[in-house]
Amino acid sequence: MPRDIDWENLGFNYMKLPYRYIAYYRDGNWEKGELTEDSTLHISESSPALHYGQQAFEGLKAYRTKSGTIQLFRPDENAKRLQRTAERLLMPQVPVDLFVEACKQVTKANDAFVPPYGTGGTLYLRPLLIGVGDIIGVQPAQEYIFTVFAMPVGNYFKGGLTPTNFLVADDFDRAAPYGTGAAKVGGNYAASLLPGKKAKAAGFSDVIYLDPATHTKIEEVGSANFFGITANNEFITPLSPSILPSITKYSLLYLAEHRLGMTPVEGDVYLSDLEKFIEAGACGTAAVISPIGGIQHGDNFHVFYSESEVGPVTRKLYDELTGIQFGDVEAPDGWIVTID
Ligand code: PLP
Ligand code: COI
């Protein structure tokens, strides 16, 4: 184990680890990929990924269990989402097996950087698919690079399980109604940089985006999905073609119903309905479950459960989800992939 890493206080920062995986797509086929120690990519200056945003990424984590083994959480779902994103951007499909194998190899090769059980840290894996090669017209690349790199991470939002506040964006959208909001492409995040900067400068953790067509419904956070809990024991989360279909969110919908006896609902979440939520949170791989203390919308500040304490239902969902991810709670079939 590297001795100089403060596992308990990692935050969410890049760290150059010894190994990453790389595979090239040329002449219509994926070539055999391999682990490499080279952390730089060598690509044409005219690569479509650079000019026209023909690129996609994923995010998933490896978890150290109490017994010291390492496991991945639903990597096949990330593989399938990357395939859907690739379809939207005319990129070749990375086969699910290739994706999962690359994640396993990178995790195993960087074993010493998977944080110890009990520190709260995890190994964050970042799969990336980019269109490369000598093309200058607006058209899909002929060649692609698929790479997976990794780093140990802690909390994405600094509060962890302490609630933080979010700002509703009235004057910005991250995606268009029939754009690429449901695809995990860099352009969505580029669009979120300026509103994100303004929100953070004003003391908020991040932005909550509204539906781009009417600006009356909550869509999602710039880096996570939104959920709310009602007094009727419902777990409610927005359904929209312009939000990223979060694997964490779908896992929570399942766990809320099957483990906590709640009613799972995917549907419209109108800004005017915020009073019905007794708790709310942001969920995602990086965000895990980050309780939302309050939401600022114009002059109105709406507090959910408390600005300083996580609500009891959010806490139960967090314990169930992270218990499964760290191997302390039995997982639904197929959710866990063990690294051997
Ligand atoms: N929404 C956005 C915009 C994201 O970047 C992420 C992160 O991946 C999520 C939601 C959560 O998705 P997941 O739970 O699959 O990580
Ligand atoms: C993730 O949760 O994996 C994400 O991709 C969010 C990212 C913006 C850090």
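Predicted model: local features only at pLDDT ≥ 70, side-chain atom pairs only at ≥ 80, totals over all residues.
User: Where is Arg-74?
Analyst: Arg-74 is in the loop between β6 (70-73) and α2 (75-88). Helices (H or I, at least four residues) and strands (E, at least two) are DSSP runs, numbered from the N terminus.

User: Is Arg-74 buried or exposed?
Analyst: Arg-74 is buried. Buried means under 20% relative accessible area, exposed over 50%, and partly exposed in between (1.4 Å probe, protein chains only).

User: What does Arg-74 contact, leaving aside neighbours within four places in sequence?
Analyst: Ile-247, Ser-251 and Trp-335. Contact means heavy atoms within 4.5 Å.

User: How many salt bridges does the structure hold?
Analyst: It holds 10. One of them joins Lys-80 and Glu-77, with the closest N and O atoms 3.2 Å apart. Both residues lie in helix α2, 3 residues apart, about one turn of the helix. Lys-80 is partly exposed at 34% relative accessibility. Glu-77 is partly exposed too, at 23%.

User: Which residue forms a salt bridge with Glu-220?
Analyst: Arg-174 does, with the closest N and O atoms 2.9 Å apart. Glu-220 lies in strand β11 (residues 218-221) and Arg-174 in the loop between β9 and α4 (186-201), so the pair ties together parts that are 46 residues apart in sequence. Glu-220 is buried, at 3% relative accessible area. Arg-174 is buried at 7%.

User: And what about Asp-268?
Analyst: Asp-268 forms a salt bridge with Lys-217, with the closest N and O atoms 3.5 Å apart. The two lie 51 residues apart. Asp-268 is in the loop between β14 (263-267) and β15 (277-284), and Lys-217 is in the loop between β10 (206-210) and β11.

User: New topic. How many aromatic pairs are there?
Analyst: There are 16. Rings of Phe, Tyr and Trp (its six-membered ring) pair if their centres lie within 6.5 Å; planes under 30 degrees apart count as stacked, over 60 as edge-to-face and the rest as tilted. Phe-12 and Tyr-156 are one edge-to-face pair, 4.9 Å centre to centre with 85° between the planes.

User: Why does that pair tie together parts of the sequence?
Analyst: Because Phe-12 lies in the segment before β1 (20-26) and Tyr-156 in the loop between β8 (143-153) and β9 (164-168), parts that are 144 residues apart in sequence. Phe-12 is partly exposed at 26% relative accessible area. Tyr-156 is partly exposed at 33%.

User: Which residues are in the cluster?
Analyst: Ring pairs link Phe-12, Tyr-124, Tyr-156, Phe-157 and Phe-166.

Note on methods. Residues numbered from 1 in each chain as written. Chains lettered and ligands numbered in written order. Heavy atoms only, no water. Lys, Arg positive; Asp, Glu negative; His and termini not counted. Salt bridge = Lys/Arg side-chain N within 4 Å of Asp/Glu carboxyl O.
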